[in-house]
Amino acid sequence: MSGETVASIVVGEKDYTGLPITAVYSKVSNVYAVYCNPERVMVQFADDAELGSKQRLALAHLAPRGEK
């Protein structure tokens, strides 16, 4: 499947959601990529599972929360 590694984030390829990658804003090999598809800006986290987990945790506070 496309979009599973930082290296696979390439304009014209599909990301892990199945949508085409329309722009790559920033990319550091194996560490992260910031890109967009037709619906939103996305982050591809590190290929290394431990680093990727730390990256997700660092950004978790940015995710919208459901209403209470």
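Q: How far apart are the mean positions of the positive and negative charges?
A: They are 6 Å apart, for 7 positive and 8 negative charges in the protein chain. Lys and Arg count as positive, Asp and Glu as negative, and His and the chain ends are not counted. Each charge is placed at NZ of Lys, CZ of Arg, CG of Asp or CD of Glu.

Q: What sort of model is this, and how are residues numbered?
A: The model is predicted: local features need pLDDT of at least 70, side-chain atom pairs count only at pLDDT 80 or more, and totals for chains, interfaces and linings use all residues. Residues are numbered from 1 along each chain as its sequence is written, and side-chain values use heavy atoms, leaving out hydrogens and water.

Q: How many salt bridges are there?
A: The count is 2, with a side-chain nitrogen of Lys or Arg within 4 Å of a carboxyl oxygen of Asp or Glu as the rule. Glu 50 pairs with Lys 54, closest N and O atoms 3.5 Å apart. Arg 40 pairs with Glu 39 at 3.4 Å, N to O.

Q: Where do Glu 50 and Lys 54 sit?
A: Both are in helix α1 (residues 49-59), 4 residues apart, so about one helical turn separates them. Helices are DSSP runs (H or I, at least four residues), as are strands (E, at least two), numbered from the N terminus.

Q: New topic. What is the order of elements from the N terminus?
A: The order is β-β-β-α. That comes to 1 helix and 3 strands.

Q: What about the backbone at Asn 30?
A: Asn 30 has a positive phi of about 65°, though it is not a glycine. Most residues other than glycine have a negative phi. Asn 30 lies in the loop between β1 (23-28) and β2 (32-36). Its relative accessible area is 44%, so Asn 30 counts as partly exposed.

Q: And how much of the chain is buried?
A: Of its 68 residues, 25% count as buried.

Q: Which residues form the nonpolar surface patch?
A: Val 43, Leu 59 and Leu 62 do, with about 250 Å² of accessible area together. Areas come from Shrake-Rupley with a 1.4 Å probe; for residues, only the protein chains shown count as cover. Patch residues have over 30% relative accessible area and no salt bridge; like charges are joined within 9 Å, nonpolar side chains (Val, Leu, Ile, Met, Phe, Trp, Tyr) within 5 Å.

Technical notes
Buried means under 20% relative accessible area, exposed over 50%, partly exposed in between (1.4 Å probe, protein chains only).
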